[in-house]
Amino acid sequence: MNSFVYRLHSIKAIIKREARSSFFGLGLYIAATIACFVASFIFNSYINTVQGNNIMVMASPLNNPLFYAVIVAALYTAISSSTALSREKDKGTLEVLFYGPVDYASIILAKFLEDIISFLIVMLLVTLFFVYAAVTTNLGFSITYLYTVFLAIFLAASMSSFGLWLSALTTKIRTSILLFILIMGGFLGLQFLEEYILTLKPENLSLSMIYIMGVLSNILRIIKWASPFSYLTNGISAVALGSTSLYLENMLGSLAYTVLLLVLTVYTLKWKGVRKP
Amino acid sequence: MIRTEHLYKKYESIEAVKDLNLSVEPGEIYGFLGPNGAGKTTTIMMILGIIKPTRGKILIFDKDLYSDYFGIKRKIGVVSETQYLYEDMTAYEYLSFFCDLYGVENKEKKIEELLHRVNLYERKDDLLGHYSRGMQQKIGFVRALLMDPQLLILDEPVSGLDPTGIREIRDLILEENKLGRTVFMSSHILSEVERISHRVGILNKGMLVAEDTMDNIKKKLSSEVEIELEVEDFDVESQKRLEGLPFVNSLTKEDGKFLVRVKADKDYRNELVNFISSSGAHLKEIKRREMSLEEAFLTITEKNISLFSKEEAGE
Amino acid sequence: MKRGRFILIVSILLAGLLLSSVVVFGAAPPKQRETVYSLNVWDGKDFASPFYPANINTIYVMADFQNVYSVKETLVYYWPISREYMADWDSLNKDIGDTLEVLKGDKVIGTYKKVDYVFYYPKGYWGGDTKLYTGDVARAKKKEYDKALDKYWKDVDAYYKAYNEYNKAVDEFYKKIQEGKPAGKIPQEPKQPQAPTFYVTDINKAYVFSLPAGIYTIRLKDKDGKIVPGTVKSLIAFSHRREGIGYNIIPESKWTYPETADDVTQIIYQYKEGVLYFQPFTEWEFNELQYNKLSNPQSAGRPDRWIWVHMQPASNVKLDIYTGGRLVTSVRERPYYVEQVPGSSLGYNIKLLDRKENPYGSADFTGFRFSVPPTGDYRLVAVSKDGKVIENSERYIRPITSGDAKNIFIASFGPLVIGLLIYIFRRVGR
């Protein structure tokens with residue numbers, strides 16, 4: 001019981017420090033601004049549509065700009081988490097933490113939870129902007145906004161856990177960032193490739209090509225499971241479709257993915273060590 | 001306080017630490033010495049649980065670290081050779097964070113008290129990135145003392161400091177030891193270790209080759225003791241007779257003083273005083289010249305000597 | 001040299017492999033004789049005519065509606081331009097089989113023989129409102145149509161004869177006038193006979209039945225009771241999930257660009273103030289995959305998506321519009337016509353068609369008119385003639401109050417401003 005209390009205590013202390021650093025830094029606000037700026041283009045397109053056609057019929061108009069805002073916020077979370085451990089390892093501060101009552105689980109959980117808190121702060125700023133935009137244009141709020149934000153937390157969690165794992169693998173910030181860009185680019189590319197394959201009609205292909213495409217499609221399906229992007233896009237689809245089952249499925253899938261990645265991160269960090277290289 | 005049993009660490013084909021059996025007693029200052037690459041830092045990291053041993057046991061406060069990981073860690077203060085600090089934090093914020101981490105009560109009072117002790121209170125709101133090396137080292141010390149640790153583990157605590165800084169740290173260590181804290185200190189500055197340590201352990205090529213008080217180590221290494229005499233009216237015949245004494249190995253003159261090498265089995269200063277006075281000479285000063293720790297250290301490491309008997313070594 | 005030759009051969013083989021996967025356009029696609037299902041299925045508004053080639057294993061029909069099933073042999077070919085299989089009915093259209101069986105699990109729950117059937121179009125072939133009749137009723141309807149058609153042709157004969165007489169009478173009339181003789185009454189032109197306004201197809205034979213919602217197996221048996229190969233397929237009878245009212249919305253300023261608002265969650269945004277004309281329809285909500293495959297088995301659809309399908313115009317309803325719980329107005333359906341602005345300037349006005357003032361005029365459309373104020377939030381519901389709000393008829397109407405997104409772009413920098421303030425405050429505070 002004591003260990004649990006001490007661990008919680010350590011986690012709390014580290015979260016407080018990390019959150020403070022985020023709150024007083026500029027990264028979080030820049031991410032929120034980019035998210036809002038991107039969303040502004042969507043709002044602008046709505047106003048232009050209504051102006052041009054005199055009418056626009058849409059369910060949950062805030063969903064579309066919110067999707068883009070969530071993508072930006074989730075990317076910020078992923079980038080931030082992908083350097084979280086490597087940055088401290090590179091500077092030696094991670095080792096110093098381990099002089100004290102900090103173990104692998106507590107440091108990883110603390111970093112993860114702080115990422116979620118940062119994400120929530122970004123979403124809070126984004127929400128304030130959305131309130132302003134919705135009120136000044138009279139687009140109005142709907143309950144699906146809250147559903148999307150709630151689901152987005154799970155999506156951010158999977159992005160964060162993935163980023164933390166990458167960060168545990170590497171020892172230098174530069175390597176972390178390069179690896180992150182490479183892997184994310186790879187996952188995005190695979191996603192596009194899979195979507196392209198789905199558009200191909202079997203009747204247009206020879207038998208051998210059909211076989212190759214089938215094998216590739218199956219490989220991609222497996223790899224997609226490992227990509228946090230797929231949870232992000234599936235979650236967005238779930239809200240767009242208004243499908244409760246898909247929504248819950250995505251939430252549970254993200255949760256399972258997050259837990260798995262966090263456990264993997266603990267073992268990876270143990271294997272790699274916490275000492276400054 | 002700390003005890004290792006057959007501690008062993010191997011990296012691929014390199015044996016960093018071999019069969020290490022050291023013990024640090026409560027309340028003592030233990031100097032941990034060894035040349036570069038001997039395995040000192042590896043040993044400290046294993047004690048702290050940052051590196052996992054290949055095999056062997058480590059007991060801290062008579063307990064295995066992992067039986068009470070958080071409880072034990074909360075009682076240990078660590079100062080490393082290089083201070084890795086959060087440069088975007090002020091000294092106060094940094095120490096406040098570690099107070100939170102260790103669960104220190106009345107943290108404001110504690111931080112204030114310790115910063116005053118190291119004369120850094122006026123700079124508490126400066127960013128750590130603006131601190132000099134000496135100041136950073138002091139902050140490291142303050143961090144290690146926040147939680148009133150029972151055990152202080154210091155890895156090269158005075159490395160890179162000027163003489164004033166070294167003195168301040170030395171005083172701090174002695175003060176803390178007087179308060180009952182056990183100090184486990186690894187250092188290259190042998191004179192400092194010699195000055196403040198109750199016992200030393202010497203590590204060479206991953207093996208503990210000596211663990212004892214300095215006097216005992218030196219005694220074990222040397223079969224004779226040098227005694228320096230400043231004598232007036234000491235005629236040649238008396239010198240010859242002195243040289244012929246059974247416990248005297250040799251007599252030389254150096255810079256106007258006589259250097260007598262006697263057997264190390266006991267202290268022969270009384271015998272020498274009696275002889276000189278009986279010879280009619282006038283003894284102005286008698287001084288025992290001991291082997292320094294540096295000389296002992298170099299002797300052990302360069303000649304790869306182990307001062308443990310076969311039984312002590314566990315053979 | 002050997003390695004180079006090897007690489008060359010492999011490259012040629014690979015290129016050939018890749019090229020073999022390319023479809024050659026322009027050449028006649030090969031045709032294959034297949035046993036297919038050809039159906040006439042009710043899609044909520046009319047009967048669609050899908051066919052099911054051999055590679056489609058599942059038939060979709062709407063539950064609790066009569067559908068027409070035929071099993072035929074025809075020539076099937078793949079048409080790459082539209083990327084679908086087509087049937088060459090002109091070359092081969094052979095009806096086969098004797099008995100159609102429907103099974104639920106392993107149990108046969110329905111055995112059907114071919115019956116006579118017709119399609120009855122009360123307002124003509126393009127008038128919609130198609131009805132399916134079988135058996136005696138079908139024969140009676142066909143007889144009725146044939147009789148009406150006979151009468152029409154006879155009337156046309158009589159008309160031509162009467163018209164000839166009329167022409168002669170007119171010539172005589174004018175001749176007498178020219179001669180100054182009393183001509184009598186002006187001859188009356190005979191009235192053209194009206195063709196029948198309804199249409200009935202020829203009597204055909206097929207299997208006609210309806211099924212409750214569920215998953216079945218369908219198969220055809222020949223006269224000997226043997227299952228005809230290629231006729232065993234899965235049959236899904238699906239039902240709608242919800243009913244509601246959907247709207248076609250005609251904005252006054254752009255009446256040729258109507259919008260639809262089918263789902264309750266949809267909000268109707270109007271630019272500032274303006275007039276909207278609502279045309280409510282009854283609608284049913286179907287699973288997208290099932291509904292798409294109903295009329296085109298070779299189409300795609302998402303199984304987790306639902307779509308609203310307009311059925312019939314909602315009749316005997318009124319629309320009530322509220323704001324903040326208070327009834328703003330209650331509107332009824334009226335006919336409107338579009339009056340072009342005379343002269344060189346472009347534009348039009350939409351006006352109410354008043355039969356008293358304009359007895360010969362015709363309406364361009366009918367609708368429920370609502371003038372949207374420049375601000376506020378409005379809730380529209382359809383109310384039936386017995387005063388009850390029709391389920392799933394609610395829609396919200398909101399006027400967009402700002403035409404300038406500049407403020408929104410500026411506001412997007414708000415988080416950065418907050419961040420800078422915090423950052424600077426901390427620095428200064430130190």
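**View 1. Pairing of strand 10 with strand 11 in chain C of a predicted model.** C:Phe119 has C:Leu132, in strand 11 of chain C, as its bridge partner. Strand 10 of chain C and strand 11 (residues 131-134) of chain C run antiparallel and are joined by four bridges. Strands are DSSP runs of E with at least two residues, helices are runs of H or I with at least four residues, and both are numbered from the N terminus. Two strands pair if DSSP finds at least two bridges between them. The model is predicted: local features need pLDDT of at least 70, side-chain atom pairs count only at pLDDT 80 or more, and totals for chains, interfaces and linings use all residues. Residues are numbered from 1 along each chain as its sequence is written, while chains are lettered from A and ligands numbered from 1 in the order in which they are written.

**View 2. Strands 12 and 13 of chain C beside their antiparallel partner, strand 10.** Strand 10 (residues 115-121) of chain C is linked to strand 13 (residues 204-209) by three bridges, and C:Asp116 stands opposite C:Lys205. Two bridges connect strand 10 of chain C with strand 12 (residues 199-200), where C:Tyr199 is the bridge partner of C:Tyr121.

**View 3. The loop position of B:Gly129 in chain B.** B:Gly129 lies between helix 4 (107-117) and helix 5 (133-145) of chain B. B:Gly129 counts as exposed because it has 12 C-beta neighbours inside 10 Å; a residue is exposed at 12 or fewer, buried at 20 or more and partly exposed in between, with C-beta atoms placed from the backbone. The C-alpha atoms of B:Gly129 and B:Tyr86 are separated by 7.7 Å, with the two residues 43 apart along the chain.
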